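Take a walk through this structure, one site at a time. Keep the sequence beside you as you go.

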Amino acid sequence: MPKKIKKVGVLTSGGDSPGMNAAIRSVVRTCAYHNIECIGIYRGYQGMIEGDFKEMGARSVNNIVNKGGTVLKSARSLEFKTPEGRKKAHDHLVKAGIDALVVIGGDGTFTGGMIFNAEFDFPVMGIPGTIDNDIFGTSHTLGYDTALNTVVEVIDKIRDTASSHNRLFFVEVMGRDAGHIALNAGIGAGAEEILIPEENLGLDRLLESLQKSKASGKSSSIVVIAEGDKIGKNVFELKDYVEANLPEYDVRVSVLGHMQRGGSPSCFDRVLASRLGVKAVESLLEGKSNYMVGLQNDTVTLTPLEQAIKGKTEIDRELLRVSDIMST
Ligand code: F6P
């Protein structure tokens with residue numbers, strides 16, 4: 001019989017993403033709804049090691065559903081990777097009477113949670129929060145939808161300059177080793193070509209495609225490149241290469257960077273965060289542990305943390321074909 005949970009700790013760790021605050025709010029309010037206490041842990045696992053805790057009641061999360069970033073702050077803790085660091089963290093949890101954890105973040109966050117669970121038999125539930133959408137067991141991670149909308153909005157603006165000056169723009173987007181942001185935002189923004197790590201287009205095919213596009217009467221183009229794509233070493237070298245081989249093109253580079261990670265979450269991310277927070281707390285109360293809550297076929301599901309970390313998220317190949325057809 002698992003121990004009855006009376007106090008849940010919640011933290012955000014790794015890269016912040018829009019929707020994390022909405023998830024914190026959901027965890028806190030679900031605890032309040034079930035009459036259990038909730039403790040906010042600042043700066044992820046580092047704050048756990050230092051006992052940087054704060055009691056959170058339903059009213060302490062007013063007016064954050066619409067805010068980007070994370071009110072609990074985030075960090076990547078090296079100390080938590082050591083047994084000594086984790087022991088300190090466990091001691092602080094015990095001292096504060098916390099008997100379960102909800103960890104919001106990406107694969108690094110879940111790895112930390114899984115090790116902690118194995119070492120101390122401590123109940124842990126994960127909520128996927130990263131703009132990269134690279135977590136297995138959920139069609140959407142928190143922040144991904146907002147990041148897509150941000151990228152599309154910015155590329156729409158870049159398009160104004162591209163078309164006014166008959167230019168070719170290489171727009172680099174985030175995503176770490178995954179091409180989900182590039183592929184989906186690229187289609188949404190009407191990109192000529194989309195370069196992602198999962199698909200090796202090759203330099204020759206890129207040149208061919210750009211030549212074809214010019215010949216078909218297009219005077220400007222947008223090429224979206226995932227930061228993890230290896231085609232041209234880096235986006236600036238790729239620009240030089242294309243200019244050297246296709247002198248008819250006037251090329252510019254735009255690296256979107258961290259603007260993609262900030263901003264008010266979309267309605268989709270807020271609703272997702274609310275659903276995942278409820279499921280995370282209620283699953284802990286049912287005695288479940290070591291899972292990630294996620295969205296599959298619009299249903300909130302549980303995936304073992306180990307699978308969520310190790311499983312591979314696939315690119316939707318159909319989207320590659322759609323993108324090819326759209327750039328005709
Ligand atoms: O994982 C989210 C992400 O924004 C990636 O897309 C990017 O590669 C990385 O984090 C950047 O991390 P940092 O926080 O170190 O700038």
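N297 is exposed, because its relative accessible area is 78%. Exposed means over 50% relative accessible area, buried means under 20%, and partly exposed lies in between (1.4 Å probe, protein chains only). N297 sits in the loop between strand 10 (291-296) and strand 11 (299-304). Helices (H or I, at least four residues) and strands (E, at least two) are DSSP runs, numbered from the N terminus. The phi of N297 is near 50°, a positive value in a residue other than glycine.

A word on the source. This is a predicted model, in which local features need pLDDT of at least 70, side-chain atom pairs count only at pLDDT 80 or more, and totals for chains, interfaces and linings use all residues. Residues are numbered from 1 along each chain as its sequence is written, and side-chain values use heavy atoms, with hydrogens and water left out.

N35 also has a positive phi, of about 55°, although N35 is not a glycine. Its place is the loop between helix 1 and strand 2 (37-41). N35 counts as exposed because its relative accessibility is 71%.

M292 is part of strand 10. Is M292 buried or exposed? It counts as buried, because its relative accessibility is 0%. Contact here means heavy atoms within 4.5 Å. Not counting residues up to four places away in sequence, M292 touches F110, G126, P128, I135, F136, G137, T138, T301, L302, T303, L305 and A308. V151 is 141 residues from M292 along the chain, and their C-alpha atoms are 27 Å apart.

T303 is buried, because its relative accessible area is 4%. Which residues does T303 touch, not counting those up to four places away in sequence? They are F136, G137, Y291, M292, Q296 and A308. F170 lies 133 residues from T303 along the chain, with 37 Å between the two C-alpha atoms.

F170 turns up again at the next stop, K239. This lysine is in helix 8 (residues 235-245). K239 counts as buried because its relative accessibility is 19%. Leaving aside neighbours within four places in sequence, K239 is in contact with F170, V251, R252 and V253.

Next comes S221, in strand 8 (residues 221-226). S221 is buried, because its relative accessible area is 4%. Its contacts, leaving aside neighbours within four places in sequence, are R167, L168, F169, E192, S213 and Y249. With S213 there is a polar contact too: the two side chains are joined at 3.5 Å. A polar contact is a pair of N or O atoms within 3.5 Å; within protein, one must be able to donate a hydrogen and the other to accept it, and residues adjacent in sequence count only if both atoms are side-chain atoms.

Turn to S17. It lies in the loop between strand 1 (7-12) and helix 1 (20-33). S17 counts as buried because its relative accessibility is 0%. Not counting residues up to four places away in sequence, S17 touches G69, G129, T130, I131, L142, G143 and R261. Where do polar atoms of its side chain meet the backbone? One lies 2.9 Å from the backbone oxygen of L142. The backbone nitrogen of T130 is 3.5 Å from a polar atom of the S17 side chain. Q211 is 194 residues from S17 along the chain, and 38 Å separates their C-alpha atoms.

Around the ligand are R76, T130, D132, M174, G175, R176, E227, H258 and R261, each with a heavy atom within 4 Å of it. Which side chain has an N or O atom 2.5 Å from an oxygen atom of the ligand? That of E227. For the side chain of H258, the distance from an N or O atom to a ligand oxygen is 2.6 Å. G175 takes part through its backbone, where a polar atom is 3.1 Å from an oxygen atom of the ligand. Taken alone, the ligand exposes 400 Å², and the protein buries 71% of that. These areas come from the Shrake-Rupley method with a 1.4 Å probe; for residues, only the protein chains shown count as cover.
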